[in-house]
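Subject: Structure handover

Hello,

Here is the structure I promised to pass on. Please open it first, then read my notes below.

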Amino acid sequence: SLPPVGLYLHVPFCVSLCPYCDFVVYAGAAARGPASRVDAFTAALLAEITLRADVADAAFGRERIPLQSVYVGGGTPTLLASASLASMLDLVRSRFGIADGAEVTVEANPGPDERGSAADLVAAGVNRLSLGAQAFDTGLLRRLGRRHRTEDVGAAVREAREAGIRLCIETDSNLLPTAEIGRKILDELGDDWVQINYDPGNVVY
């Protein structure tokens with residue numbers, strides 16, 4: 001067997017559940033407020049990272065090659081406090097190593113109360129932001145159960161640009177952008193790219 005070169009961390013919290021989502025997600029009171037389970041989960045995830053690193057150390061030694069890719073998905077990882085995300089990545093860096101030039105991605109929703117601070121993400125070592133736009137039409141977004149507005153995507157793109165972070169815009173193959181704001185955002189992406197999720201069983205009428 002070979003040492004790990006990539007690491008995926010799942011943060012299973014969202015403000016609300018999207019009806020089409022297949023991922024393990026906890027929403028509502030579990031994600032925000034006095035009954036939130038976020039802090040307990042973060043502590044458990046840090047412990048799990050340490051245990052997994054111990055296993056890798058035993059199998060491949062401490063001088064193994066560093067990770068080439070780290071992906072923090074969800075859920076909505078940017079619901080975590082910036083300091084919590086930074087601590088998580090610091091632990092990964094100290095126990096697994098992260099190679100120079102490695103891609104370090106965090107997923108986010110475009111809404112202003114969900115996307116976090118792009119500048120804080122960059123300070124934590126994140127160099128790529130994956131924005132779950134899904135559609136660029138307000139009516140479609142409402143039918144999908146999405147909380148953000150079409151203009152939130154543009155605002156999130158601009159914030160990421162100002163912070164110097166690369167972008168991936170996720171949309172659905174059944175909901176390709178037809179609205180003017182969608183075309184404008186895609187035109188502004190430049191060297192960044194759009195990820196089109198194809199699911200023939202997921203058709204929105």
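Let me start with helix α5, residues 150-163. This is a predicted model, so I checked the helix length. At 1.5 Å a residue, the 14 residues of α5 should span 20 Å. The end C-alpha atoms of α5 are 21 Å apart, which agrees.

Which residues of α5 are buried? They are T150, D152, V153, G154, A155, A156, V157 and A160. An α-helix has 3.6 residues a turn, so residues three or four places apart point the same way. Just after α5 comes G164, with a positive phi of about 80°.

Now the whole protein. It has six helices and eight strands. From the N terminus on, the order of elements is β-β-β-α-β-α-β-α-β-α-α-β-α-β. The protein has 205 residues, and 46% of them count as buried. Its accessible surface comes to about 10,200 Å². Carbon and sulfur atoms hold 56% of that surface.

Contacts across the sequence are worth a look too. Take the contacts with a separation of 6 or more: 74% of them are between residues 24 or more positions apart.

Next, the strands. Start at β4, residues 67-74, which pairs with β1, residues 6-11. These two strands run parallel and are joined by six bridges.

V72 stands opposite V106 in β5. Helix α2, residues 82-95, belongs to this part as well: β4, α2 and β5 make a right-handed β-α-β unit.

Is S130 buried or exposed? The cut-off for buried is under 20% relative accessible area. S130 has 1%, so it is buried.

What surrounds S130? Leave aside its neighbours within four places in sequence. S130 is then in contact with Y71, T105, V106, E107, A108, C168 and E170.

Best wishes

Methods: Residues numbered from 1 in each chain as written. Predicted model: local features only at pLDDT ≥ 70, side-chain atom pairs only at ≥ 80, totals over all residues. Heavy atoms only, no water. Buried < 20%, exposed > 50% of the residue type's maximum accessible area, 1.4 Å probe, protein only. Contact = heavy atoms within 4.5 Å. Helix = DSSP H or I, 4+ residues; strand = E, 2+ residues; numbered from the N terminus. Expected span 1.5 Å × (residues − 1). Pairing = 2+ DSSP bridges. Right-handed = clockwise from strand over helix to strand, strands pointing away. Areas by Shrake-Rupley, 256 points an atom, 1.4 Å probe, with all protein chains shown as cover.
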